[in-house]
Every structure is written in C-alpha cells, then in structure tokens.
Amino acid sequence: MKKAKKIFLSLLAAVLVTTGVTGLTVQADGGKPKKVSIPKSSMKVMQGKEFEIKAKMTPKRSDDNYLRWQIISGKQYVRFEDSDRDGDDMDFIAVKPGKAKIRCYVAGKNKKKYGDVITVTVQKRKADYSLNRVGGEVKYEEVYDDFDLEVKKGHSIKDSELTWSIEDTDIVDFETNRRTGTEVEFRAKKIGTTKITCTCTNKNAKTKKITYTVKVVHDDDHYDYD
C-alpha cells in the first residue's frame, strides 16, 4: 500500500512540475516586460506629418499592454495622434518646428531605469503656394442636378483665400451659402453654358485663377464626356 502511495505521489509530483513549467512558459511569453528600448535615439520629421515610434521589449514576447508613452518635453511641437497611450508602437503628429523628447516605459517600474527616450526634431516644411485643377476643364451636368467643383491647394494657402464666382447665375447657382474653400457645391438651374472661377487672393500663389466651363444639358441627354 505504501509502495502504491509512493508511486501515486511521484506521478502527481511529475504532473505538478510539468504544469508549473508550462505555466511559467506562458507567463514569460505574455507577462510584464523587464525593460523597454527604442531602437533610435533620435529622428527627424516634417511639420504637419504623422509619424510612428516603435519600441522593443525584454523579453520580446512580453505583453505590450504594460508599456506606456509620454511626451517629456516639447508638447507644443508634437502631440499624440489620439487618446491611446499603450503598446509597443505609438502614433504622433508633428505640430510645429522644435525638439521634443518622448519616453516609452514599463508601467509600475522606474521610468528612467526601465524605459527609454527618443528625441524628435520637427523640421519646418517648405512653403507650398500651388493651386491646381481637379478633373477636366469642362464639366457636363444635367439640369436640376446638384454638383460640386474642386481645386487642390498647397498648405500655405488658406481655405478663406479661395473665393468662387459664377459667370451666369441663371444657368448655375450656389447650392449653399459657402463661397470659399477647395470644394464648393452648385446647382444646375437651366440648360446652357457658363463659367465658374476659383480665385486665389494669396499674393504668393503661383496660379491666381482656375476656371471651369460648365455645360448644363437636358436630363434625357445621357452622356459620358468626362
């Protein structure tokens, strides 16, 4: 009886040891990181751009939910892309020229000892005063239909500096009160042809005006001119 009991206890111990080792392995793969590092010590980004920073955990199969991010200095130069602050990678937005320091650390551990810091330099982007047409010069629209016209502008031009005008408002008129911006809505009122112009008031703009010719046709005259 004692021999049988010893055999049973030996088997039970073996099972417990096996289970314990397996449990430790799972915990090591998904447990709390011992420390975190950022491969780069510095990086440069252009003003107005979104950028990502990645971190590496030790052990590498640890749970990245334990990682936290913070902007140590230069919050006026960079900001988080959203409210998320956890994980082994983080998205930011470069707001304006300057230097910022960003840290990734392990929650509950000493930030300086078990975390890492990267210096981000936000560079001033070059001025862009370009203004371009979107689509063809001639637009065909059916009478009574709503439609929009659009231009593409450089970031140095403000929406308020783009003003739209209509040559003949008996043929086409504005659909809403909006008269400025890169995209404006219109309504075709009667059959005919008129011109719609987007004028840029920025003195540095390379192109001051973009004009579209709008041809309003009968709604039964189906076509595909574009």
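Which side chain of opposite charge is nearest to Glu161, and is Glu161 buried or exposed?

A: The model is predicted, so local features need pLDDT of at least 70 and side-chain atom pairs count only at pLDDT 80 or more, while totals for chains, interfaces and linings use all residues. Residues are numbered from 1 along each chain as its sequence is written, and side-chain values use heavy atoms, with hydrogens and water left out.

Glu161 is buried, a word that stands for under 20% relative accessible area, with exposed meaning over 50% and partly exposed in between (1.4 Å probe, protein chains only). The nearest side chain of opposite charge is that of Lys158, 5.6 Å away; here Lys and Arg count as positive and Asp and Glu as negative, while His and the chain ends are not counted. Glu161 has no salt bridge, a term that requires a side-chain nitrogen of Lys or Arg within 4 Å of a carboxyl oxygen of Asp or Glu.

Glu161 is placed in the loop between β12 and β13 (162-166); strands (E, at least two residues) and helices (H or I, at least four) are DSSP runs, numbered from the N terminus. A polar atom of the Glu161 side chain lies 2.9 Å from the backbone nitrogen of Lys158. Leaving aside residues up to four places away in sequence, Glu161 touches Ser156, Thr199, Cys200, Thr201 and Asn202, where contact means heavy atoms within 4.5 Å.

The structure does hold three salt bridges. One of them joins Asp159 and Lys153, with 3.9 Å from N to O. Asp159 is partly exposed at 38% relative accessible area, and Lys153 is likewise partly exposed, at 24%.

Another salt bridge brings together the side chains of Asp146 and Arg187, at 2.6 Å from N to O. Because Asp146 lies in strand β12 (residues 146-153) and Arg187 in strand β15 (residues 183-188), this pair ties together parts that are 41 residues apart in sequence. Asp146 is partly exposed, with a relative accessibility of 46%, and Arg187 is partly exposed at 33%.

There is also a salt bridge between Arg68 and Asp86, whose closest N and O atoms are 3.5 Å apart. Distant parts of the chain are linked by this pair, 18 residues apart: Arg68 belongs to strand β5 (residues 67-73), and Asp86 to the loop between β6 (78-80) and β7 (89-94). Arg68 has a relative accessible area of 26% and is partly exposed; Asp86, at 32%, is partly exposed as well.

Definitions and conventions:
A polar contact is a pair of N or O atoms within 3.5 Å; within protein, one must be able to donate a hydrogen and the other to accept it, and residues adjacent in sequence count only if both atoms are side-chain atoms.
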